[in-house]
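Please keep the view at hand while reading the points below.

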Amino acid sequence: MSATLRQAAAEILRKNDRSGYTVPTHGLYPFQWSWDSAITALGWLKLDETRAWQECETMFRGQWANGMLPHILFHKNAASYFPGPDVWGGESHPVPSSAISQPPVWATAVRILYNSAADRSLADRVLRDLLPKLVAYHRWWYRERDPEGTGLVCSYHPWESGMDNSPAWDQPLSNVPEVDWTYHRRDLSHVDSDQRPKKPEYDRYLFLVDFYKRHEFNSRYIYEHCPYKVLDIGIISTLHRASQDLLHLCELANPPDDVTDIDMYMARTGDAIGTLWSEQSRCFLSHDVLTNEPLDEITTATVLPLLGGLASEEQAEAMAALIRDWIDATPFALSSTHPSSPRYESQRYWRGPVWLHINWLIALGLERYGKQELAVKLREAARDCVLSAGLWEYFDAESGAGCGGDDFSWTAAIALHWLDA
Ligand code: DGY
């Protein structure tokens, strides 16, 4: 990576720094988002180790008493975003927040920070403080989102997947009622509407937000009655990988208590994951719990079981073959939805564009299965996006044009952490 690009990435993190946390981008996302923040910490590591750890500490200050780590922390008011804490009903928490989580990549990021940190006493001190919080967070997923012990945690909102308008969620979301009140979307004043989710999707996103608030965030009630219940293969895979990283960290530092329950939860996932495999699609598919149907859409989430080591050697081989064809199917790889899908749109958010952090996670998974060459190909393709357009939120898979928010923190962080490696 050129010195100019490295400098541009560093400047973006500094510009998006709000003293202790980093906003994904100015205007469009003016708060702390959970998985953005975990990935952004990896970029800070290249610039300022203390600041990298601070990103984690600030996030975990917003953890709920039951262990849940919200997907947004509203540290300060900002009129440029909707829905804010009043709509979520999360104002009473020490840090006002949303009421859902996001792909749990934190333990994976913390393990990388801990392994790379030069200041060992700082790393040891922060890890001692974070470890019980990470354990509580993982237990929350397994306990609250899989109360029947099936091995597969359940997601209640497309925003929880982090892949908001992925075509995989179209069918389950179509069963959610629309809100009957009017609202004013702020995202469309920052980004072209053809790069963002459509109104019928937003109406349903908001119905769900309202549903949690009306039922006072009662986990049992929501589990039994939520009109959107999806076994999201992206969340299941990132959780499984992060649990491995968490157990590794527990071996290095004193765990808060006996963590063998995490082993047990992971073994259950290992036993259950085969039910999501699709021989025909050559990948794992998410699943609609309410209709008991697979969600037949090949998206970048469907190959993430590589990251968690959840695939057999044969399944990994089949997914690698799928990825090879997929890379060749668009000029700028790897598109978030397979271009053969009738719902693929190369520029619209999670319906086609390329996202750098997902490509990085898939590359980690490929490396795990010894598919180094393919991992390098993904990195080169990701670099092409950045060289073609700069450090945007996502990239049009056909033209390479930058889309969404500009000067984007996790793209800058991945450039520093991965592309510069
Ligand atoms: C948004 O507002 O677009 C976010 O993705 C929700 O977290």
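1. In which loop is Leu-334 found? Leu-334 belongs to the loop between α13 (313-329) and α14 (356-368), where helices are DSSP runs of H or I with at least four residues, strands are runs of E with at least two, and both are numbered from the N terminus. The model is predicted, so local features need pLDDT of at least 70 and side-chain atom pairs count only at pLDDT 80 or more, while totals for chains, interfaces and linings use all residues. Residues are numbered from 1 along each chain as its sequence is written, and side-chain values use heavy atoms, with hydrogens and water left out.

2. Cis peptide bonds. The bond from Ala-333 to Leu-334 is cis, with omega near -10 degrees. A cis peptide bond also joins Phe-82 and Pro-83, with omega about 5 degrees. Pro-83 lies in the loop between β2 (72-73) and α4 (85-88). Most residues other than glycine have a negative phi, and most peptide bonds are trans.

3. Positive phi. Ser-19, in the loop between α1 (3-16) and β1 (32-33), has a phi near 55 degrees. Tyr-349, in the loop between α13 and α14, has a phi near 50 degrees. Are Ser-19 and Tyr-349 buried or exposed? Ser-19 is exposed, with a relative accessible area of 68%, whereas Tyr-349 counts as buried at 4% relative accessibility. Here buried means under 20% relative accessible area, exposed over 50%, and partly exposed in between, using a 1.4 Å probe and protein chains only.

4. Cavities. The whole structure holds two cavities of 30 Å³ or more. On a 1 Å grid over the protein atoms alone, a cavity is a set of points where a 1.4 Å probe fits but cannot get out; a pocket is an open set with protein on both sides within 12 Å along at least five of seven lines; lining residues have an atom within 4 Å of a point. The largest cavity contains about 210 Å³ of space. Among its 19 lining residues, Tyr-29, Trp-33, Gln-102, Asp-164 and Tyr-349 are the closest to its centre. The lining of the largest cavity comprises 12 nonpolar, three polar and four charged residues; Ala, Val, Leu, Ile, Met, Phe, Trp, Tyr, Cys and Pro count as nonpolar, Asp, Glu, Lys and Arg as charged, and the others, Gly among them, as polar.

5. The second largest cavity. This cavity contains about 30 Å³ of space. Its lining includes Tyr-81, Phe-82, Arg-186 and Asp-187. Phe-82 is also joined to Pro-83 by a cis peptide bond. By class, the lining of the second largest cavity has four nonpolar, two polar and three charged residues.

6. Pockets. The largest pocket has a volume of about 180 Å³, a volume being the space filled by probe spheres set on grid points that are joined across faces, edges and corners. Of its 13 lining residues, Ala-99, Arg-145, Phe-217, Ser-219 and Ile-222 lie nearest its centre. Helices α6 (120-144) and α10 (219-225) each supply at least two residues of this lining. The class totals for the largest pocket are nine nonpolar, two polar and two charged.

7. The second largest pocket. Its volume is about 150 Å³. Among the residues lining the second largest pocket are Arg-145, Asp-146, Tyr-223 and His-287. Its lining divides into five nonpolar, two polar and three charged residues.
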